[in-house]
Amino acid sequence: MNGVLLGSSAALLHHAAPLAAAPGALPAPGPDWYGFGGVGDYAASHGNTPEVVARAHELRDGHYTPLPDGIIDTGEMFDAVIVGGGIAGLGAAMEFRHKSGPGKTCLLLENHPIWGGESKRNEFMVDDQLLIAPQGANGFSIPGVDEGEHASDDSRYYDAIGIPREFQYPQWNPDHKPLRFANDHYGYLYWIEHGADVGYYLGACCGAAPAINPWSRNLDNTNWTPAQREQLLRWRNDTRRPYDGDDFERWLDSMSYRQFVEQVMGLGRHVADYAGPILAGAVGLGSDAVSAYAAYAILFPGTINFYPPAVRDFSAYQRHSFPGGNDGFARHFVKKIIPGAIAGDDAFESVMNGRVQFDQLDLDGMPVRMRLGATVVAVEHAGVAQSSDTVNITYTRDGKLYRVRARGVVMASGGWVNRHVVRDLPDSYRAAYATFKHAPFLVANVAVRNWRFMYDLGITACRYDGDFGFSVNVRAPMQVGDYRPALDPDQPAVLSFYVPFIYPGEPALAQCSRGRAELFSTSYVDYEHRIIMQLRTLFGTAFNPQRDLAGIILNRWGHAYVVPEPGFYFGRGGQPAARDVVRQRHGRIAFGHSELRGNQHWGPAAAEGARAMAQVLDVAV
Ligand SMILES: Cc1cc2nc3c(=O)[nH]c(=O)nc-3n(C[C@H](O)[C@H](O)[C@H](O)COP(=O)(O)OP(=O)(O)OC[C@H]3O[C@@H](n4cnc5c(N)ncnc54)[C@H](O)[C@@H]3O)c2cc1C
């Protein structure tokens, strides 16, 4: 249906397994790497594009050092330039619009064919029905109103960009068996598992049939041993605060979540192993690699006991997901910054469903302009950073190198980029960035003509130990304007796999490199094969790829998440946290990316970008 490989699905069932990825070696993406991209404005930009990967590897390998001859000087001078069009870059652009005076100009340079970074969408057309799914960031909670001076970043941006507080979802047909659906692709794994019907196929479970909703049954339908069950339940239900000191945040940040679970809670290895992939879905790697504070920040078992009782009660907790996940936030930011960027007015359904007006993004005379497909390869003060009044920015686009100038620059890109691009970066920043590790991630959206193979089992989500990923679900799709996909087991839907790459026991850096090698060396066809085999393993012959599968889009993120290891938040050995070094302005260049929060999230991403822009405006405008 969607143009690729459908005829070959049966053959793929007999396809050879992919070659093992060689750790350390990052092969260049071959012609069979990117695969099908769907339809619509995002079709050419799903995950990192081959073009973006190629330019990034050139940067890493010193291809632009020294800068080659033949750079085209555009002659443009901006008050500010922003590198990166994810939510942090958009937050910086919004700050510029609010805080700079009339006549001031800003240019945002983004290397992908469309803005949004990890907050973008995929679109499928299946049997004449449009289906939209997230490429990465996918869920949010509606913040409270009037949160005053302690308002969260989400809360401060939510109303400012015009996000509604009520959403519509399709009614479940009362003639069908009762089923509960998650609204997003994450909450059902722990926080709001009571909102979905989840089948567990974990190693110790009962043969071919999943254990359905085992947590609401004290795990009595699983094959975990009584001792394992007791420990897993204690992990979830223990309400003791395990430490009395006021410095409990630093204390949590001094250990990994595995140490917390095993040494503080006194639980067995299987508990932290179970938690690992869920943690990795939020912070890149699992229990052994990440700080217990990262777990605390997402209200994880054990650490949650440092919060007041009201926060610990998830019974009324709700998550939502726009059709394309957090692309909904990115689109609202863009509409505020460049009103002509999306066709139509600023009503919610127009911003969400309007076509992108690519020819309106980079017009002379606009306060903020956006140049897409532009990879920045060098940013450097003209002269000494502390006394210079200009920054030179060099970018590559369509095979040519260009230079623009600015009074100040916000690097809304991550540390793995910045340490190569900012040429006069002081050693202290280099040392700080050298401690950052970035984990890869894969989001595979699988459009199916029906999902009866799940309905018949009485589930809408599952968690498993498998060859591909660890969980998959079908969301209740948010309805927006004319976008009203069905919620029916015999109608098309998208199954989304959120796939971390974790290798417990290996050092964090080795886990990141090994995962990236696997992500980059596996062809589209090999992933298609593994996805089909995974669905066959879960659902047997009830899933028939030739009949049921309509298209697969892979969204590969080479550096999806910074890994907040112990010490990431508060530093170690009396030294400041590396992220606080990076947060200082360097001459006319400031750094603002969600990675500086450790737990990457849409509101804080925008706030980091805005903070960096405010630092730049202090000196530049
Ligand atoms: C799988 C996944 C699920 C997530 N789920 C959620 C969720 O449910 N809710 C939530 O709030 N957050 C979620 N997040 C976190 C998400 O990362 C943040 O919310 C936010 O979207 C990050 O924005 P950012 O701008 O900081 O970074 P990015 O999205 O990384 O944006 C940076 C941009 O800069 C561009 N860039 C980099 N280098 C250059 C260069 N040299 N020149 C030009 N451009 C460059 C990049 O290509 C990118 O577009 C998720 C993340 C992932 C990976």
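Select Tyr-201 and Tyr-464: Tyr-201 stands opposite Tyr-464, which lies in strand S14. (Strands are DSSP runs of E, at least two residues; helices are DSSP runs of H or I, at least four residues; both are numbered from the N terminus.) The model is predicted: local features need pLDDT of at least 70, side-chain atom pairs count only at pLDDT 80 or more, and totals for chains, interfaces and linings use all residues. Residues are numbered from 1 along each chain as its sequence is written, and side-chain values use heavy atoms, without hydrogens and water.

Now show strand S6 (residues 198-201) and S14 (residues 461-464). They run parallel, joined by four bridges. Two strands count as paired if DSSP finds at least two bridges between them.

Widen the view to the whole sheet. It is open, with seven strands in the order S7-S6-S14-S15-S16-S13-S17 and mixed pairing. At the edges are S7 (211-212) and S17 (549-562), each pairing on one side only.

Contact here means heavy atoms within 4.5 Å. (Axes are lines fitted to C-alpha atoms, for helices over the stretch in contact; angles run from 0 to 180 degrees between N-to-C directions.)

Next, helix H16, residues 508-521. H16 lies across S13 and S17, at about 35° to S13.

Go to Asn-473, in strand S15 (residues 471-474). Is Asn-473 buried or exposed? It is buried, because its relative accessibility is 1%. (Buried is under 20% relative accessible area, exposed over 50%, partly exposed in between, with a 1.4 Å probe and protein chains only.) Show His-185 too: its side chain makes a polar contact of 2.6 Å with that of Asn-473. (A polar contact is a pair of N or O atoms within 3.5 Å; within protein, one must be able to donate a hydrogen and the other to accept it, and residues adjacent in sequence count only if both atoms are side-chain atoms.) Other residues touching Asn-473 include Tyr-188, Thr-460 and Val-494.

Move to the four-stranded sheet. This open sheet has the order S1-S11-S10-S9 and mixed pairing. S1 (72-78) and S9 (375-381) are its edges; each has a single partner strand, so one side of each lacks a neighbour in the sheet. The twist averages 20° from one strand to the next. S9 pairs with S10 (residues 391-397) in the antiparallel sense, over six bridges. Select Thr-375 to find Thr-396 of S10 opposite.

Last stop: Cys-106 and Cys-512. Cys-106 is buried at 0% relative accessibility. Cys-512 is buried, also at 0%.

How values were computed:
Lists of a residue's contacts leave out its neighbours within four places in sequence.
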